[in-house]
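Colleague: Can you put the model up? I have some questions about it.
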Amino acid sequence: RRGAAPETGELAVSGSPAILVTYHDEGELLRSCLGSLAAQTRPVGEIVIYDDASRVRPEDHIPPDLPVRVVRGGRNIGPAKGRNVLLDETDAAFVHFHDADDAFAPDWNERVSAEIEGGAIDAVFTEVSSVTESGFVRDDVLGLSRLASGMDLVRFCIQGSMLVPAGTYRRELVTQVGGYREMLWQSEDWDFHIRLACARPRYRVLASSLVRIHLRAESRSQNVSQVWGSAVQAIRALATEMPVEYRNDLSEASARAGSHLFRAGATADARVAFELARDLGTPVHAGEPGLYRTVARHAGQEW
C-alpha cells in the first residue's frame, strides 16, 4: 500500500533515505534539526553528520536515543567536499543532503519515502519555507509549482535555486554526475542541481513546504561576493559540459551574477561575469527595469 504506515520499526526505516548533514559550529540549531528528525511520523533510518573541523563539537547537541554517526574532519573543507565525504559513508539507495541549521516537517520522511517506494524514480523534490531571525516566515521559497506544471527541470535549476534540503536522490544518480563540484566554495548546490537535472532524472514534486531553512546573518550564504563569484566559476565550467540549447540560459545567469557582484562592490569580478555573459549569448536581463535593459543592451551592462 503506497504511503501506508509500516507495521514494524525495522520496516519503517528500511526504505528511508540516508540523511547526510554537514555541520560547522551550528550548535543548538543542530539539536533543533535532529529533534525534528526524532519527531517524524515515520522513523528515519541512517543519519550521518560531517563535522567540518568545528570549534563547537556536534556531539553535545545530539538528542539522546537518536542513532547518529559523526565523521570528524581535521580541517575546514567546505560543504561541497563535506557532502562528497558523506556520500562515501553510506550505501543507502537514496540520500538526502541537509544543512545543520535547517529543520524537517514532521511528515517529511513519511511523504518522501512513500514517493520512493512508489517506484521508478531517481529524485523527489519538496518545497521549502524560510524563517528569519525576527520570526518572519515565507512559504514556497522555491516556487516548485512551476516545475509541477511542466517547466523544464534544467531551466528551473538555472533560473532559480534548488536548495540543498529540497532534494532526495538515488545515490547512484549522485555518483553518476560526480557528486558536488569540490572547487566551488559557494553556489555548489546551484551547480550540483543543474548537473543533476542534465542527467534527465525521473522525479516527483511535492509542492508542500516540508523543510524550513533558517536565514541567519552569520550564514555562509550572506557573503554576496563569494556566492555570486562562485556562481560565475560554475557557469564557466557548465558551459563546457551542457547541451548548447542552454547557453542563453547560462548567459542570463552570468549577467545576473555580474549585477549582484557589481552592486556588492566587486567590480572586477562583475566585469568577468559581464564578459562571460556576452560570450555565451545575448542576455535579456529578465527582472531588471526597462531602462536597465535598454542601457545594458546598447552601452553594456556596467553602464
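Modeller: Start with A103, which stands opposite R212 in strand 9. Strands here are DSSP runs of E with at least two residues, helices are runs of H or I with at least four residues, and both are numbered from the N terminus.

Colleague: How many bridges join strand 5 to strand 9, and how do they run?
Modeller: Two bridges join them, and the strands run antiparallel. Two strands count as paired if DSSP finds at least two bridges between them.

Colleague: What about strand 6 and strand 9?
Modeller: Strand 6 (residues 123–132) and strand 9 run parallel, joined by 10 bridges. In that pairing, E127 stands opposite S209.

Colleague: Before going on, what are the ground rules?
Modeller: This is a predicted model, where local features need pLDDT of at least 70 and side-chain atom pairs count only at pLDDT 80 or more, while totals for chains, interfaces and linings use all residues. Residues are numbered from 1 along each chain as its sequence is written, and side-chain values use heavy atoms, with hydrogens and water left out.

Colleague: Helix 2, then. Which residues are buried?
Modeller: In helix 2 (residues 28–38), the buried ones are L30, C33, L34, S36 and L37. Buried means under 20% relative accessible area, exposed means over 50%, and partly exposed lies in between, with a 1.4 Å probe and protein chains only.

Colleague: Why are they on the same side of helix 2?
Modeller: Because they cover an arc of only 150° around the axis, the arc being that of the directions from the helix axis to the C-beta atoms. An α-helix has 3.6 residues a turn, so residues three or four places apart point the same way.

Colleague: And what do they pack against?
Modeller: The buried residues of helix 2 pack against strand 1 (18–23), strand 2 (47–51), strand 4 (94–99) and strand 5 (103–104). Contact means heavy atoms within 4.5 Å.

Colleague: Where is E26, and is it buried or exposed?
Modeller: E26 is in the loop between strand 1 and helix 2. It is buried, with a relative accessible area of 16%. Leaving aside neighbours within four places in sequence, E26 contacts A100, D101 and R216.

Colleague: Zooming out, what is in the whole chain?
Modeller: The protein chain has 12 helices and nine strands. Buried residues make up 51% of its 303 residues.
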